[in-house]
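Morning, everyone. Let's look at pockets today. Please bring up the model.

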Amino acid sequence: DVMLKYWAERVGQSRGYEAIYNISSRGFQDAPLLGYDNTADAVKGLTGMIADQRKIIQDSLGAPATIPQMYMPYKEALDLYNAGLEIPDDVTLCWVDDNFGHIRQLPNADEQKRSGGNGVYYHLSYLGTPAPYLWLSSMSPAFLSYELTKGYDNGIKKLWVFNVGDIKPAEAELEFCMDLAWNINSWKPQDAIKYSQHWAAKTFGQELADEIGSIKNEYYALANACKPELINRMDFTNAQYNERVSRYEKLIDRVEAVKAQVPSNNQDAFFELIEYPVEGAANMNIKIIRAKQS
């Protein structure tokens with residue numbers, strides 16, 4: 001009764017706004033839904049919840065088929081969907097990545113025909129188990145293009161939602177994703193490695209674009225092997241550790257060299273977009289690696 005009252009009040013408060021209603025339910029603070037002994041009971045319970053939510057939408061807003069809604073099969077919600085939870089055809093299925101950028105499940109031929117279409121909820125930053133990464137943004141355009149193009153080619157076209165947490169470290173990566181959302185053919189996976197140079201030219205000028213773009217790509221390559229937030233969780237060989245330190249030290253030198261050429265009016269932007277993430281990642285790796293080796 002309390003949940004029904006809350007849902008009804010919230011839908012009423014949102015009346016007149018442009019909104020997408022996320023149907024179904026999860027447990028407290030991203031935990032699985034409590035109160036059900038097994039998967040079959042949970043599917044039955046959620047089926048009833050969705051029916052109640054749709055009735056609230058109908059009573060407050062109009063015919064549910066005319067009101068944007070989505071179902072997000074995230075973590076255990078995907079297991080329940082695969083176990084037989086039926087989602088009304090007009091609801092958008094908003095698929096998810098595995099918290100590290102790999103889209104977990106793609107819509108099949110029947111799901112691609114749904115009137116509600118398909119979307120994706122995608123992490124550029126992540127808070128949760130087993131390993132959060134909130135500090136720096138380090139997913140490369142090539143990786144993002146591969147995953148999002150794969151999703152688009154399999155019908156994920158209706159809705160793209162990006163979890164960016166604090167947007168400040170992720171401007172370039174989010175801008176890249178929005179470029180793809182606007183035109184999926186703007187950066188094919190095989191061409192996306194050139195994006196860093198393109199972005200650097202727009203942001204810092206053509207004269208510095210090649211070097212800044214190259215620095216960004218090396219930063220992505222090192223983070224692809226291990227994100228800077230997670231280096232304490234990873235085990236490499238001693239030779240691999242030394243190679244990482246060497247590559248990061250060279251990257252710091254390159255950043256400092258190009259920084260001297262950046263005009264004064266762009267120094268703040270250079271610090272936030274290039275110097276801080278690159279040198280922050282480098283110093284974190286050097287600190288943790290040398291501590292592991294001591």
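First, the term. A pocket is an open set of points on a 1 Å grid over the protein atoms alone, where a 1.4 Å probe fits, with protein on both sides within 12 Å along at least five of seven lines; lining residues have an atom within 4 Å of a point. This is a predicted model, where local features need pLDDT of at least 70 and side-chain atom pairs count only at pLDDT 80 or more, while totals for chains, interfaces and linings use all residues. Residues are numbered from 1 along each chain as its sequence is written, and side-chain values use heavy atoms, without hydrogens or water.

Now the largest pocket. Its lining has 25 residues. Nearest its centre lie Asn22, Ile23, Ser24, Ser25 and Arg26. Two or more lining residues each come from α1 (2-14), β1 (21-22), α2 (39-60) and β4 (118-123). Helices (H or I, at least four residues) and strands (E, at least two) are DSSP runs, numbered from the N terminus. α1 gives the largest share, 4 residues.

Next, the second largest pocket. Of its 20 lining residues, Ser138, Ala223, Asn224, Ala225 and Lys227 are closest to the centre. α5 (141-153) and α8 (206-225) each give two or more residues to this lining. Which element gives the largest share of it? That is α8, with 6 residues. By class, this lining has 14 nonpolar, 5 polar and 1 charged residues.

Conventions:
Ala, Val, Leu, Ile, Met, Phe, Trp, Tyr, Cys and Pro count as nonpolar, Asp, Glu, Lys and Arg as charged, and the others, Gly among them, as polar.
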